[in-house]
Amino acid sequence: MDILFQYLFRVEVVILVLVIVILKSSIIFVPQNRAFLIERFGKYQSTREAGLNFIIPFIDHIGSDRSLKEQAVDVPSQSAITRDNISLSVDGVLYFRVLDPYKASYGVDDYVFAVTQLAQTTMRSELGKMELDKTFEERDVLNVNIVAAINDASGPWGIQVLRYEIKDIVPPQTVMEAMETQMKAERIKRAQILESEGDRQAAINVAEGQKRSVVLNAEAEKEEQVLKAQGEAQAIIAVAEAQAEALRKVGEAANTTEGQKAIQLDLATKAIEAKAAIAKESSVVLLPDSGNDAASVVAQAMTIINSLNKGA
């Protein structure tokens, strides 16, 4: 035992242990995305970033260890009053990161608590500028305004707020019931409008169909009348041409001797038929002065017929 104590308290061993302790105290390994703030005699000395770093043993020490990663912090639910005096319960999530470890360590006591409180007060202030309906419709605008306001105020803390997301906006129960009633009324109104629009369009379609039908019937009747008139005109023309051709042929025949005789025979026949018709209609028949005119006409006609037969 004495030999062991003598061996342990030898000068070389003491020096070796002292060297190991000094080396261990002077070497620090900083992880990625972290920053160590070195203090010397209680005063800020330097900021050491990721990798192998050396400090003076027993004089320097790590004052603060700050994460440079993006951090997400829940913003607790809080009440806020809108511009139209509606009380709301709102909560959210805040995303930020440390840009300046020195300011985050020495500029504020607890930067997470500070930025969370700042987010709550800023959100309450922004909601007071908006009416209730706008808080639901312009949630993105509200988030952007809150981020801008927090970044302006948190600059001395070395904090950068990346975004703020509102999770829930809960109005009072009475307001929710009123909003639900309003939404039901709006849906009923839209349904009635759509139904009336459908009825109106149906009536328009029926009227357009009837109008089109009347137009088509009128056009068909018009075309029928035109075609009928054209047919009658063509028939009249054909009859006139036939009569003209017949007259032309009668005229040509009348220039001959036989034609003259045929005409005289025809005239005599017609005269006899006319006299016979007159005799049937009336008991009194007025004859010309010449009492044998009819007989002469008949005789003349027979003579003509006989002469024609002979000629044939």
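## From a strand loop to a pocket

Asn-33 lies in the loop between β1 (27–30) and β2. The model is predicted. Asn-33 has a positive phi of about 60 degrees, although this residue is not a glycine. Most residues other than glycine have a negative phi. Asn-33 is partly exposed, with a relative accessible area of 37%.

Now follow the chain into β2. Of the 7 residues of β2, 5 are buried, so the strand is largely enclosed by the rest of the structure. Buried here means under 20% relative accessible area. Arg-40 is found in β2. Its relative accessible area is 28%, so Arg-40 counts as partly exposed.

Which strands pair with β2? One of them is strand β3 (residues 43–48). Strand β2 (residues 34–40) and β3 are antiparallel and share 5 bridges. Glu-39 stands opposite Tyr-44 in β3. Arg-40 stands opposite Lys-43 in β3.

Strand β5 (residues 60–67) also pairs with β2. The sense is again antiparallel, over 7 bridges. Here Arg-34 stands opposite Ser-67 in β5. For a distance to check, take Arg-40 and Gly-63. They are 23 residues apart along the chain, and their C-alpha atoms are separated by 8.9 Å.

The hairpin of β2 and β3 has 2 residues between the strands. Phe-41 sits in this loop between β2 and β3. Is Phe-41 buried or exposed? Its relative accessibility is 69%, so Phe-41 counts as exposed. The cut-off for exposed is over 50%.

Next comes helix α6 (residues 139–153), which has 15 residues. Start with its length. At 1.5 Å a residue, α6 should span 21 Å. The end C-alpha atoms of α6 are 21 Å apart, which agrees with that expectation.

Which residues of α6 are buried? They are Leu-142, Asn-143, Ile-146, Val-147 and Ile-150.

The last stop is empty space. Rolling a probe the size of a water molecule over the atoms shows where such space is left. The largest pocket has a volume of about 210 Å³. Its lining is made of Asp-133, Met-179, Gln-182, Met-183, Glu-186, Arg-187 and Arg-190. Where does the largest share of this lining come from? Helix α7 (residues 173–254) supplies that share, with 6 residues. By class, the lining holds 4 charged, 2 nonpolar and 1 polar residues.

Definitions and conventions. Residues numbered from 1 in each chain as written. Predicted model: local features only at pLDDT ≥ 70, side-chain atom pairs only at ≥ 80, totals over all residues. Heavy atoms only, no water. 1 Å grid on protein atoms, 1.4 Å probe; cavity = no way out; pocket = protein on both sides within 12 Å on 5 of 7 lines; lining within 4 Å. Points joined across faces, edges and corners; volume = space filled by probe spheres on them. Helix = DSSP H or I, 4+ residues; strand = E, 2+ residues; numbered from the N terminus. Nonpolar A, V, L, I, M, F, W, Y, C, P; charged D, E, K, R; others polar. Pairing = 2+ DSSP bridges. Expected span 1.5 Å × (residues − 1). Buried < 20%, exposed > 50% of the residue type's maximum accessible area, 1.4 Å probe, protein only.
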